[in-house]
Amino acid sequence: MANKAFLHGADYNPEQWIKLKDTVWQEDMRKAKEAGINEMNVGIFSWSFLEPEDGVYDFSWLDEVMDMLHRNGMKAILATPSGSRPPWMAEKYPSVLRMDQERKPYVYGARHNACYSSPDYRRKVTEINTRLAQRYGNHPALYMWHVSNEYNFDCHCPRCQKAFQDWLRARYGTIDNLNDSWWNTFWSHRFTRFEQVESPTTPSFLGEWESPNHNLAWRRFCSDHLIDFFQHEIAPLRQYTPNIPITTNLMHTFPGIDYFALGRHMDVSSWDNYPQWRGDERDVGISAATSFKHDLMRGVCDQKPFLMMESCPGAVNWGAVNTLPPPGTVLYQGLQAIAHGSDSVQYFQFRAGRGGSEQFHGSVLPPDGSTDTRAFREVQEVSTALEKLAPLCASRTCNQVALLYDWHSRWALDYAWMAHRGNQKYEETVQAHHTALTAAGYGVDIIDQLSDLTPYKAVIAPMAYLLRDGFAQRLTDFAAAGGLVYLTYLSGYVDEENLRYASTPPLEALTGLRTDEIDAYTEGHENHFLWQGKQWAIKEMAQLSTPRGAQVLAAYQQQFYQGQPVLTRNLVGEGVCYTLQARAEIDCLTAVLGDLLRQHGIQPLVTDLPQGVIATARYGEDGAEYLFLLNSNREMAQVQLPGCWQRMEDGSLVSGQTELPPFTVTTLLKK
């Protein structure tokens, strides 16, 4: 236990200060230790310094940096530099440049704009990654590989068109299978060769933009193609440093990549966390959204402890309005990550640069290296807190409730011509259910449709619109074995290929309902239903269904479908499936989900939490149980603790009614 320590670090760009290295680098080490920093991310945007000319490498400066980190007792998370290419590469190998949806080539600039189909780019990435792995694989400072930076992908060049066509050929086998899977007889769109299929051109009108199945296939291809590139990029790292873990920093709900699929190729998930704190009552909602993103990022790598790879110890500079977070925010933000399963608090960046687009981005040190700043003092506060929490490092979550977030359902809904076309609010709906579950006192694991369901007692699956092969049966088997399944409107509408069912939809046996119609409401239009003696509002969507064995628990109160079911229960083997037919607000979801889970014997971590307070838990291999109470209010809150606990902050024992200071994370050890 005594040897455990959270990573507390930052992105470090020493090459930006290489002309002053004799003074600045040594000063940085001294001030990093003064701040309590024990790790640095290096090499993230270093390609121009590592390979200033094609085939001409210079690792001498990085040798010095790695040695310097080791001498000062710091771990290095060493990045591959593919997140930003040097200008000479675009000049010498124009194939590395992407092409936009109008088939126009990019010019050099910004960061991620490389074509992952480019053979030149793939070769150059392999070359430099191989040299990094061979050179630093046994370096004592090397702790982890940080692969590229904030991957994204969407290139429409001829090479990517061919890769798309090859992907389609592998998926469908024959062009007739593709045509049938996309329902291409509609509008006479049946292809005769895979070579006729090109990428969609949304939002322009140059080519195909209206076919939901075509768009979905392109989105799946882009995700798979990037994951293929990721595997290509990490191959030298796996070969030469098989014992060094690999991660890449993600962007929470970024729509372009199925992060669950990518996470299955990583050792650790990590992500860049930049909530826009406001210093007032709005922070309750911002905190809830951030909690959802932490749980999602933990989920994409099988609930293992993750890393908060980036956060800001001040105000960011890229927002339209860059509000300064008030004192205490850096500590809350860091401990919030720990509470949701992170084993790190890391910042972008350590010493701010003098120029570039992020010259005014918050940092641990300003360009002049001053330490008499609020940011530096607050980073020191985080370091002190992490030292006290060190015993719980590497502990894991063990939640009873799983919440479904599936990129394929999201993509299919993005392209669905129905209800609120183009604005179905999948992400917002899943997040609302997460907020409701945490408000009801539950810890939450976020999963996708391929995840193992057996560790859980309940699976909450809002808007499971597209059913991937076998998922309906797995949900049904889960319920039959005694589990609780909860579904909502817009669930089970289409199959894996985004086609409506020609026979009985597979969720009908689970829900005990036949879905008939869905009504989309305009702004200001509401319906209502009664639950536990209280009237709740329905907004935006209302699904109409006919019971086929399900018991009606609540009914619509208005419209021509007054009296039809809005909340139902269907017994399935030893378990149960509940279906909510309409979109309700968070306080309603909190009440309904809390009631249903408790009726099924699934108890929350803490009961009767005040608004703006949530509870999470982590569990050590030694049986230790840690409870976190997050008060996102800017005022004091009180909770009733179950049992006796010890505060990790000061060692005091607490039980019963306990006060939580404003905007704080309280960490407790079960006694």
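Which residue is the bridge partner of Leu627 in β25? The partner is Leu668, and this pair belongs to the 6 bridges that join β22 to strand β25 (residues 664-670) in an antiparallel arrangement. The model is a predicted one, in which local features need pLDDT of at least 70 and side-chain atom pairs count only at pLDDT 80 or more, while totals for chains, interfaces and linings use all residues. Residues are numbered from 1 along each chain as its sequence is written, and side-chain values use heavy atoms, with hydrogens and water left out.

Helices (H or I, at least four residues) and strands (E, at least two) are DSSP runs numbered from the N terminus, and two strands pair if DSSP finds at least two bridges between them. Strand β21 (residues 613-619) also pairs with β22, in the antiparallel sense and over 7 bridges, with Leu629 in β22 as the bridge partner of Ala615. The hairpin of β21 and β22 has 5 residues between the strands, and there Gly623 takes a positive phi near 90 degrees. Because 6 of the 7 residues of strand β22 (residues 625-631) are buried, this strand is largely enclosed by the rest of the structure; buried means under 20% relative accessible area, exposed over 50% and partly exposed in between (1.4 Å probe, protein chains only).

Helix α15 (residues 471-480) has buried residues at Phe471, Ala472, Leu475, Thr476, Phe478 and Ala479. These residues lie on the same side of α15, because they cover an arc of only 160 degrees around the axis, the arc being that of the directions from the helix axis to the C-beta atoms. They pack against several elements, among them β13 (484-488), β18 (565-572) and β19 (575-580). Just after α15, Gly482 takes a positive phi of about 115 degrees.

Strand β19 contains Thr579, which counts as buried at 3% relative accessibility. Setting aside residues up to four places away in sequence, Thr579 touches Leu487, Thr488, Thr511, Leu513, Val566, Leu567 and Thr568, where contact means heavy atoms within 4.5 Å.

In strand β7 (residues 270-272), Ser270 is likewise buried, with a relative accessible area of 0%. The side chains of Ser270 and Thr247 are joined by a polar contact of 2.9 Å, that is, a pair of N or O atoms within 3.5 Å of which, within protein, one must be able to donate a hydrogen and the other to accept it, residues adjacent in sequence counting only if both atoms are side-chain atoms.

A search of the whole structure finds 43 salt bridges, each a side-chain nitrogen of Lys or Arg within 4 Å of a carboxyl oxygen of Asp or Glu. Three of them are set out below.

| Salt bridge | N to O distance |
|---|---|
| Glu51 and Lys124 | 2.6 Å |
| Asp154 and Arg219 | 3.9 Å |
| Lys539 and Glu585 | 2.8 Å |

With Glu51 in the loop between α2 (47-50) and α3 (60-71) and Lys124 in helix α5 (residues 119-136), the pair ties together parts that are 73 residues apart in sequence. Glu51 counts as buried at 0% relative accessibility, and Lys124 counts as buried at 1%. Asp154 is partly exposed, with a relative accessible area of 27%, whereas Arg219 counts as buried at 13%. Lys539 counts as partly exposed at 29% relative accessibility, and Glu585 is partly exposed at 38%. Salt bridges that share partners join Glu51, Asp54, Lys92, Asp120, Arg123, Lys124 and Glu127 into one network.
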